[in-house]
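Here are my notes on the model, as numbered points. Please keep the structure open while reading them.

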Amino acid sequence: SDTTSKRQKGNTINLNRKMSVVNQNLDSGKLAGVADNYCELYEKGSVEDRQKNYTSLVNAYYDLATDFYEYGWGASFHFAPRYRGESRMASIARHEHYLAHKLELKPGDKVLDVGCGVGGPLVEIARFSGAHITGLNNNAYQISRGNINLKKTGLSKTCGFLKSDFMKVDQPDGTFDKIYAIEATCHAPTKLGIYSEIYRLLKPGGMFGVYEWLMTENYNPKSAEHNKIKHDIEVGDGLPNLDTPDVALKALIDAGFEIIESEDLAPVTEQNNIPWYAPMVPNLSLEGIRISPVGRMTTHYLVTALEAVGLAPKGTVRTHSFLLAAADGLRKGGEKEIFTPMYFYLCRKPLEGEEVKKEGEGEKTEQKKKGRKH
């Protein structure tokens with residue numbers, strides 16, 4: 001149809017512009033080298049190698065993938081459960097508002113966004129809550145994109161970015177009132193390490209909320225099919241290793257947190273009746289066409305042509321190839337319910353001298369499971 005043709009033409013123009021940005025930030029030889037080194041960590045390296053080299057792994061991944069993410073997803077690089085009749089972007093904003101609500105963010109709160117990407121959630125949550133938010137990111141290119149996005153919103157006076165390794169943040173103990181992480185701490189080499197650093201940065205009594213990427217209790221480590229899905233997600237998303245909920249929960253408790261709530265928000269409910277992986281399932285809707293299977297393959301053919309004629313740097317096609325594999329792994333992981341990108345933990349740093357509850361899931365969690373409204 002004319003509408004579809006116009007949409008695809010617009011997508012082609014936008015992607016061509018994105019490839020021009022990539023050319024300006026990473027020359028052809030450097031991008032090809034980054035892609036080769038990244039893939040080698042998965043083809044020849046072990047989990048331990050990826051954990052040891054997590055900084056270069058994650059930086060390489062986002063140097064390669066950021067433009068594709070912004071092109072396909074916008075400024076918020078995460079998934080969300082969705083109501084029937086709700087747009088994808090509305091569900092993304094609602095998912096961010098839910099986290100802000102649970103953390104009880106209010107005007108003037110000093111907040112840290114761990115692994116902030118290009119600042120999409122930061123902007124949305126700052127507008128929603130009035131909090132003063134610092135986006136933590138160790139990738140220079142993403143911060144440059146984030147600063148552009150921040151200036152457009154007029155939030156530069158109350159929000160900003162900090163370039164630092166999230167395993168050893170250059171900030172004093174007890175700097176922040178609240179901290180959140182949206183699908184970011186999965187890049188950490190160990191859960192205990194990242195959660196302990198977050199605990200250090202929080203003021204006593206402060207709250208931490210996180211949407212975590214995890215393999216679910218349905219994951220069978222002895223299943224070749226399950227392990228292939230897990231591997232495709234790790235390779236395509238720059239992850240050292242995907243953990244399970246028991247590992248994450250133990251790490252939070254060992255770091256010193258009191259667990260207020262914990263729940264997987266991925267399962268379909270009466271409220272959230274469209275699964276988070278729906279954008280990656282073949283359908284005839286024009287919404288989200290860029291991230292649909294047809295849209296992804298169209299993009300792949302386009303970047304292949306752009307690289308062939310020199311308009312996209314060498315390494316672009318290889319980059320898009322592992323992103324395609326990741327999309328398939330994510331969809332299959334969601335359909336088989338062996339993977340979740342939104343295991344929600346709400347935690348609190350106890351006051352000095354306060355006894356910490358170590359039971360894991362508390363009363364609020366059990367009440368919430370009986371009637372979640374998200």
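1. Mean pLDDT (the predictor's confidence in each residue, from 0 to 100) is 81 for the chain, and 68% of the residues score at least 70. Residues 1–26 have a pLDDT below 50, with 42 contacts (heavy atoms within 4.5 Å) beyond near neighbours in sequence. Residues 359–371 also stay under 50, and the model has 22 contacts for them beyond four places in sequence. Where pLDDT is low, the predicted coordinates should not be read in detail.

2. On the basis of these notes: this is a predicted model, in which local features need pLDDT of at least 70 and side-chain atom pairs count only at pLDDT 80 or more, while totals for chains, interfaces and linings use all residues. Residues are numbered from 1 along each chain as its sequence is written, and side-chain values use heavy atoms, with hydrogens and water left out.

3. There are 11 aromatic pairs in the structure (rings of Phe, Tyr and Trp, the last by its six-membered ring, with centres within 6.5 Å; planes under 30 degrees apart are stacked, over 60 edge-to-face, the rest tilted). Trp-276 and Tyr-277 form an edge-to-face pair, because their planes stand at 90 degrees, with ring centres 5.4 Å apart. Trp-276 is buried at a relative accessible area of 4%, and Tyr-277 is buried at 16% (buried is under 20% relative accessible area, exposed over 50%, partly exposed in between, with a 1.4 Å probe and protein chains only).

4. Trp-276 also pairs with Phe-339: the centres are 5.8 Å apart and the planes at 70 degrees, so this pair is edge-to-face. Trp-276 lies in the loop between strand 6 (258–264) and helix 11 (293–308), and Phe-339 in strand 7 (residues 339–348), so the pair ties together parts 63 residues apart in sequence (helices, H or I of at least four residues, and strands, E of at least two, are DSSP runs numbered from the N terminus). Phe-339 is buried, at 2% relative accessibility. Ring pairs join Phe-79, Trp-213, Trp-276, Tyr-277 and Phe-339 into a cluster.

5. Just after helix 7, Gly-154 has a positive phi of about 80 degrees.
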